[in-house]
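Welcome, and thank you for taking a look at this model with me. Please open the view below, and we will walk through it one part at a time.

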Protein chains: 2
Amino acid sequence: MKPIAQSDDEAKTVALLRAIAHPARFRIVKLLAARDTCVCGDLVDALPLAQSTVSEHLKVLKDAGIIRGTISGPNTCYCLEPAALAWLEREFGALGSACCGAPGGPLA
Amino acid sequence: MKPIAQSDDEAKTVALLRAIAHPARFRIVKLLAARDTCVCGDLVDALPLAQSTVSEHLKVLKDAGIIRGTISGPNTCYCLEPAALAWLEREFGALGSACCGAPGGPLA
DNA sequence: GCAGAATATCGTATATTTCCGATGGACAAG
DNA sequence: CTTGTCCATCGGAAATATACGATATTCTGC
């Protein structure tokens with residue numbers, strides 16, 4: 001594929017966004033954010049999806065660096081990776097501050 | 001499709017994220033943020049994509065409410081929609097503050 | 001070792017996305 | 001009215017993503 005992204009930072013940001021930009025995965029992230037304690041396969045019960053599907057979504061989020069998985073005996077616990085969320089928050093802050101202030105450009 | 005999103009707000013957020021979570025579209029948003037003045041089809045020159053493809057991406061962003069298009073004589077000018085960026089920034093702020101503070105959960 | 005529970009991975013069908021060339025519509029200049 | 005420019009839209013091909021059931025894998029407890 002042709003390289004569209006200008007910098008590595010940009011590619012990283014897009015990768016993070018692609019991981020979160022899915023109904024099921026975004027819901028997982030919100031669930032993990034709600035309970036400050038890490039939860040495990042309760043996520044499967046909380047979502048209308050098959051176990052294997054949830055597992056795949058967790059893998060996507062883990063590969064993107066948004067969540068962290070810890071094996072704890074028979075089950076695996078997941079929790080958010082604060083650095084990733086902070087990165088995205090900072091990225092949007094930079095975008096939001098610079099914005100076309102002109103009312104309508106050519107209309108003025 | 002089964003409704004995974006819990007609330008309308010959540011669905012809206014995911015829709016915005018899906019629109020931005022693409023190399024070409026994210027680049028477009030950054031380009032529009034860089035020049036505070038609205039640009040037009042210069043975007044086609046700035047991207048290694050066909051004109052029709054860029055136009056489609058602009059349509060996706062416009063439908064999502066992230067950018068606004070204004071017809072100005074022979075050409076169309078686009079600029080960011082500040083409200084959309086602010087929404088996302090706020091959404092990530094809420095996620096970032098609530099986060100698993102426990103070092104490792106079961107490891108402690 | 002064996003059985004069972006909790007996850008991960010594999011194979012695969014389906015749906016969606018992405019991209020392009022070609023076509024169409026609107027506008028300005030001549 | 002004709003031409004050229006700019007942009008949007010229309011098929012359609014190829015790549016990718018999503019979801020599932022079936023099948024490993026890993027650990028606990030007996």
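## A walk through the model

In strand β2 of chain A, Tyr78 (A:Y78) is the residue that stands opposite A:G69. Before we go on, please keep in mind that this is a predicted model.

That pair belongs to two strands of chain A, β1 (residues 67–72) and β2 (residues 75–80), which pair in the antiparallel sense over six bridges. How many residues lie between the strands in this hairpin? There are two residues between β1(A) and β2(A), and A:G73 takes a positive phi near 65 degrees.

Now turn to chain B and look for its hairpin. Strand β1 of chain B covers residues 67–72, and its pairing with β2(B) is antiparallel, with six bridges. Here B:G69 and B:Y78 stand opposite each other, the latter in β2(B). The hairpin of β1(B) and β2(B) has two residues between its strands, and B:G73 in the turn shows a positive phi of about 65 degrees.

Two packed helices are described by the angle between their axes and the distance between the axes. In chain A, helix α1 (residues 8–20) packs with α4(A) at an angle of about 160 degrees, and their axes are 9 Å apart. An angle over 145 degrees counts as roughly antiparallel, so α1(A) is roughly antiparallel to α4(A). The crossing in which α1(A) passes α4(A) is left-handed. Which residues of α1(A) meet α4(A)? They are A:A15, A:L16 and A:A19, and in α4(A) they meet A:V60, A:L61 and A:A64. The residues of this contact of α1(A) with α4(A) divide into six nonpolar, no polar and no charged.

Chain B has a helix pair to visit as well. The axes of α1(B), residues 8–20, and α4(B) come within 9 Å and cross at roughly 160 degrees. That angle makes α1(B) roughly antiparallel to α4(B). When α1(B) passes α4(B), the crossing is left-handed. From α1(B), the residues B:A15, B:L16 and B:A19 meet B:V60, B:L61 and B:A64 in α4(B). In the contact of α1(B) with α4(B), six residues are nonpolar, with no polar and no charged ones.

Which element gives the most to the surface near DNA strand C? That is α4(A), with six residues. By kind, the surface near DNA strand C has seven nonpolar, eleven polar and three charged residues.

Our last stop is DNA strand D, with 22 residues around it. The nearest of these are A:S52, B:C40, B:G41, B:S52 and B:N75. At least two residues of the surface near DNA strand D come from each of α4 (51–64) of chain A, α4 (51–64) of chain B and β2 (75–80) of chain B. Here α4(B) gives the most, with six residues. The surface near DNA strand D divides into eight nonpolar, eleven polar and three charged residues.

Terms used: Residues numbered from 1 in each chain as written. Chains lettered and ligands numbered in written order. Predicted model: local features only at pLDDT ≥ 70, side-chain atom pairs only at ≥ 80, totals over all residues. Near = placed C-beta within 6 Å. Helix = DSSP H or I, 4+ residues; strand = E, 2+ residues; numbered from the N terminus. Nonpolar A, V, L, I, M, F, W, Y, C, P; charged D, E, K, R; others polar. Pairing = 2+ DSSP bridges. Axes fitted to C-alpha atoms, helices over the stretch in contact; angles between N-to-C directions. Parallel < 35°, antiparallel > 145°, perpendicular 65-115°, else oblique. Left-handed = near helix turned anticlockwise from the far one by under 90°. Contact = placed C-beta atoms within 7 Å.
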